[in-house]
Amino acid sequence: MAKPVVLIAEELSPATLEALGPDFEVRNCNGADRAELLSALSKGVDAVLIRSATKMDAEAISVAKGLKVIARAGVGLDNVEIPAATAAGVMVVNAPTSNIVSAAELAIGLLLACARSISPAHAALRNGKWARSKYTGAELFEKTLGIVGFGRIGQLVASRMQAFGMKVVAYDPYMQPARAAQLDVALVELDELLKVSDFISIHLPKTKETANLIGTEALKKVKPSVRIINAARGGVLDEAALYEALKNGKVAGAGLDVFATEPCTDSPLFTLDNVVATPHLGASTDEAQERAGIAVAVSVRKALSGELVPDAVNVKGGAIDEAVRPALPLVEKLAQVAIALATDVVATIDVEVRGEISALDVSVLATSALKGALIGMGAEDVTYVNAPALASERALTSNISTNAESPDHRNLVSVRAACADGSKVLVSGTLMGIKQIQKIVAIDALDLDLKPTSNLLFLRYSDQPGVVGVVGNALGKLKINIADMQVGRTEVGGQALMALTVDSVIPNDLLQIITKETGASLVRFVNLVNE
């Protein structure tokens, strides 16, 4: 019987081949050479192992008949067209934790280099200058480090810098204070962090919410002695605003490994002595590359033997009843909406299943709710397998309950988000008809009939005439089309909820205008991730 074929399209560590073992036919090609890649894929392969130089787009995937797995030996998946892979039934796996130590250590290296002017002092010495008095630095001892984004890498940085005698504060709206307290870190609002920090290290993914989060207004709030490190994602730190702040003495220094546009070889930041920069080296260690190679090799072995793959990005996995499967994406969306409508940090995200499917094994829906909640919180690369672990890091829990009684719907699924301040949000949905059309049928005690499409707008307000007109007029001015609108209210003149589906993204400044003109207590735009 022929062995499964594994194509290695980029140089990987010898340990990767060892982890694969003898059960595969291993072929090699230069994945950066497009013609060579397509030729190798067309000859029939079961799995392809890549790094960052090989582009597995729709064309490459379509050529690779019989391809079952694309394995990225690293974290980022920008070079893999995941929707095309999913449509073709190809599993995509990566190694999401392979570089976290390397990334944390590089951030710390940049911080130290920035604090002690190591880069310009080194350059001066190589140019024959003994500029000892010019490069006076700053100690870390008893200084405050502000970490923006307190996930796995941020936590590694915190523990290591505490050993330097630093006080650590963190901003992460989705982290539970109790979890941060266990790590001897105080959670604060972003404005407070900017105000008190002597050093700031960024550890956030780039999303529409975090783009240019540290920009002109934020940099007005920092100490002039602050040093800012970004070894996370380019575009979270506004490079133009940073340059002006450094040039004008509003910021003392910066350490940068990532940039809004890469490769980046021509930036005004590179002309400043108080900037130390590296070309996206966060994962560039032998150890990280070896861990990544071994991790994806193990995933390939599991995938090709039909086992569950822990780091599958686009495969939900597990034995799930056919009647339950349509509820998975619905619950994810209900959870995203619940997170968006929550007024505080969500501590639990529970699911209640009513009706016929309550007699089946619906336990996977608890994981589905966690996955949706984490996506709503901005987490990256969340899968049905890694969602519980990611949720545990945030002290987020999920439970499921069932009830055979469902008076109004054949099946009804409700997601309840309980917040740290005691408030709760309940979002209910169902699947209607033969086509199993997804519907949001209630939020809290207010009935709706709303398709959970990509772009949703919600308003909570006191029922009064004219609010619908104000919202419609505001959206119309920006040519944002309303596809559907639902209004529920407790009673005439009571509390009301307006829910709209729109055809495009609503900018934040428009949300602020709507809030001001309607007097709404809550205005939320939700850009649902539809998987």
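Ala 395 is found in the loop between helix H15 (387-393) and strand E14 (400-403). In this predicted model, the phi angle of Ala 395 is near 55 degrees, a positive value in a residue other than glycine.

**Division of the chain**

- The chain is divided into domain 1 (3-96 + 285-303), domain 2 (98-275), domain 3 (314-451) and domain 4 (454-530).
- The centres of domain 1 and domain 4, taken over C-alpha atoms, are separated by 45 Å.

**Loop residues with particular backbone geometry**

- Glu 142 is not a glycine, yet it has a positive phi of about 65 degrees.
- The loop that holds Glu 142 runs between helix H6 (118-126) and strand E6 (144-148).
- Glu 142 counts as exposed because its relative accessibility is 62%, and the exposed class begins over 50%.
- Glu 262 and Pro 263 are joined by a cis peptide bond, with omega about -5 degrees.
- Pro 263 lies in the loop between strand E11 (253-256) and E12.

- Gly 282 lies in the loop between strand E12 (275-277) and helix H12 (286-304).
- With a relative accessibility of 6%, Gly 282 counts as buried, since buried means under 20%.
- When neighbours within four places in sequence are left aside, Gly 282 is in contact with Asn 99, Ser 102, Ala 103, Leu 106 and Asp 257.
- Gly 282 and Val 236 are 46 residues apart along the chain, and their C-alpha atoms are separated by 16 Å.

**The five-stranded parallel sheet**

- Five strands form an open sheet in the order E2-E1-E3-E4-E5, and their pairing is parallel.
- Strand E2 (25-28) and strand E5 (91-93) stand at the edges; each has a single partner strand, so one side of each is left without a neighbour in the sheet.
- From one strand to the next, the twist averages 20 degrees.
- Helix H12 packs on this sheet, where it touches E1, strand E3 (47-50), strand E4 (69-72) and E5. The direction of H12 makes about 165 degrees with that of E4.
- Strand E1 (residues 5-8) is joined to E2 by four bridges, and the two run parallel.
- Within this pair, Ile 8 stands opposite Asn 28 in E2.

- Strands of a sheet pair through backbone hydrogen bonds, either parallel or antiparallel.
- E19 and E21 pair in the antiparallel sense over seven bridges. The bridge partner of Arg 460 is Leu 497 in E21.
- E20 and E21 are also antiparallel, joined by seven bridges. Here Arg 489 stands opposite Ala 496 in E21.
- E20 and E21 form a hairpin with five residues between them, and Gly 493 in the turn has a positive phi of about 80 degrees.
- Seven of the eight residues of E21 are buried, so this strand is largely enclosed by the rest of the structure.

- Asp 463 lies in the loop between strand E19 (455-462) and helix H16 (467-477).
- Asp 463 is buried because its relative accessible area is 18%, and the limit for that class is under 20%.
- Residues up to four places away in sequence not counted, Asp 463 touches Arg 489, Glu 491, Val 492, Gly 493, Gly 494 and Ala 496.
- A polar atom of the Asp 463 side chain lies 2.9 Å from the backbone nitrogen of Gly 493.

**Helix H16**

- The buried residues of H16 are Val 467, Val 471, Ala 474 and Leu 475.
- Seen down the axis of H16, these buried residues fall within an arc of 95 degrees, so they line one face of the helix.
- An α-helix has 3.6 residues a turn, so residues three or four places apart point the same way.
- The buried residues of H16 pack against E19, strand E20 (482-489), strand E21 (495-502) and helix H17 (508-518).
- Just after H16, Lys 479 takes a positive phi of about 60 degrees.

Terms used
Residues are numbered from 1 along each chain as its sequence is written. This is a predicted model: local features need pLDDT of at least 70, side-chain atom pairs count only at pLDDT 80 or more; totals for chains, interfaces and linings use all residues. Side-chain values use heavy atoms; hydrogens and water are left out. Domain bounds come from an automatic or database domain assignment. Buried means under 20% relative accessible area, exposed over 50%, partly exposed in between (1.4 Å probe, protein chains only). A polar contact is a pair of N or O atoms within 3.5 Å; within protein, one must be able to donate a hydrogen and the other to accept it, and residues adjacent in sequence count only if both atoms are side-chain atoms. Contact means heavy atoms within 4.5 Å. The arc is that of the directions from the helix axis to the C-beta atoms. Two strands pair if DSSP finds at least two bridges between them. Axes are lines fitted to C-alpha atoms, for helices over the stretch in contact, and angles run from 0 to 180 degrees between N-to-C directions.
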